[in-house]
Amino acid sequence: MRTVVGVNDPQAVKKWSLLLAAAVNKSSYWTRKMMGEGKNSRLPIQLLMDLQSDAGDEITVDLLMPMSMEPIIGDETLDGKEQPLKYYTDRLRIDQVRGGVDLGGRMTRKRTLRDIRQDAKRAATDWWKRLFDELFFIYLSGAQPQIDQGYVWKRNNAFFGINGVTAPDSGHIMFGGNATAKADIATDDGFDLRLIDRAVAKADTMGGDTTDDISMLPIEIEGGEHYVTLMHPWQFDAMKSNTATGQWLDIQKAAAAAEGRKNPIFEGSEGMYAGTIIHKHRNVLRFGDYGAGANVPAARALFLGAQAAFIAFGSNGNGLRYDWTEEVKDHGNAVKIGTNAIFGVKKATYKSKDSSVTRDFGVIALDTYCKDPNA
């Protein structure tokens, strides 16, 4: 019987679980820049901690609506006129997600177990980073990419049955140019600064009145309140190359990574306009069936406020978010390493307890014409 020294060593497994977690958080676009911990977080992604130490697979998140009762004046009786507290609620479920690396046989490897673990960590880090980034784009967009963008998540994956992917409600979607619907998108309805202006105005006036509409909260960073506009690189190219009056070339670009601003949301951004930090990312969802003939290319940029989406991790028994496993196969000839995490992701969509209406909370979809500028 041949023994491979170090495989499944408890200290090594814990060490590499920790290294994996740190590497994923450092490299993932969403977890590195946009995620905050706890129910009071004012970043786009809200990390809920309730299930990391407790049993269970579901978190309920309540949103307390503001009071709207008319004031009682003088000696007029208040008794019986008190307004009941009104909540909107959302639920997030978690399940196990696993991946693995086959490191090959003895003659393929010819290296130490330490090198093998390093290679496995590198491959697993890239895989988990990609998984999380794609998930947040899918859930926040409320759709799957219609055009092949190389996503590893496929439309029929069982993960999307745990927390459903919900399309934007009518109050949380806007269109480029003068378009008012998907079928209206034409080649002159691309992304421009005016769309950001409109989105800011919509967010600033949403809710807070007697209509029971939900207010959109700006992101709080470094003492200021901002929104984030996240667009596809082709949308950004169209916006930047627009030479019309009042567009990109006519404004003083406010660098989002301005002096003294070290928050990750500012770092690597493309600029700031109307208090909105501009980002671009290749994973922004693209489509090919817009316009009257269902053949116009389009993309869905995301206008983000606070608490736009949730993520929660469950306990996997080792006290860490990720688990690292090692196995020897084929009579000691091969080593395989597996990684897993118990978690859930979804867009924040609140449903009133006394109504069937479901509303998005921290994201507005911005649909525009979008094509490859080099095509």
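Analyst: Happy to; the questions below go from the overall fold to single contacts, and please keep in mind that the model is predicted.

User: How many helices and strands does the protein have?

Analyst: Of its 375 residues, 49% count as buried. Among contacts with a separation of 6 or more, 73% are between residues 24 or more positions apart. As for the elements themselves, the count is six helices and 18 strands.

User: Which residues of helix H6 are buried, and on what side do they lie?

Analyst: Helix H6 spans residues 233-240, and its buried residues are Gln235, Phe236 and Met239. They cover an arc of only 100° around the axis, which puts them on the same side of H6. Their cover includes helix H5 and the strands S8, S10, S12 and S18. So the buried residues, all on the same side of H6, are Gln235, Phe236 and Met239.

User: Which side chain joins threonine 368 in a polar contact?

Analyst: Threonine 368 sits in strand S18. Its relative accessibility is 0%, so threonine 368 counts as buried, the cut-off being under 20%. Its contacts beyond four places in sequence include Ile185, Phe191 and Pro297. The polar contact spans 2.8 Å, and the partner is glutamine 235.

User: Is phenylalanine 303 buried or exposed?

Analyst: Phenylalanine 303 belongs to strand S12. Leaving aside neighbours within four places in sequence, its contacts include Ala199, Tyr227 and Leu366. Glycine 362 is another contact, 59 residues away in sequence but 8.3 Å away in space, C-alpha to C-alpha. With a relative accessibility of 0%, phenylalanine 303 is buried.

User: How far apart in sequence are the parts tied together by aspartate 289 and lysine 182?

Analyst: These two form a salt bridge, with the closest N and O atoms 3.0 Å apart. Aspartate 289 lies in strand S11, and lysine 182 in the loop between strand S6 and H5, so the pair ties together parts separated in sequence by 107 residues.

User: In the salt bridge of arginine 130 and glutamate 134, which residue is buried?

Analyst: The N to O distance of this bridge is 3.1 Å. Both residues lie in helix H4, four residues apart, about one turn of the helix. Arginine 130 is partly exposed at 38% relative accessibility. The buried residue, at 2%, is glutamate 134.

User: Which strands hold lysine 347 and aspartate 360?

Analyst: Their side chains meet in a salt bridge of 3.1 Å, N to O. The pair ties together parts 13 residues apart in sequence, because lysine 347 and aspartate 360 lie in strands S15 and S17.

Conventions. Residues are numbered from 1 along each chain as its sequence is written. This is a predicted model: local features need pLDDT of at least 70, side-chain atom pairs count only at pLDDT 80 or more; totals for chains, interfaces and linings use all residues. Side-chain values use heavy atoms; hydrogens and water are left out. Helices (H or I, at least four residues) and strands (E, at least two) are DSSP runs, numbered from the N terminus. Buried means under 20% relative accessible area, exposed over 50%, partly exposed in between (1.4 Å probe, protein chains only). Contact means heavy atoms within 4.5 Å. The arc is that of the directions from the helix axis to the C-beta atoms. A polar contact is a pair of N or O atoms within 3.5 Å; within protein, one must be able to donate a hydrogen and the other to accept it, and residues adjacent in sequence count only if both atoms are side-chain atoms. A salt bridge is a side-chain nitrogen of Lys or Arg within 4 Å of a carboxyl oxygen of Asp or Glu.
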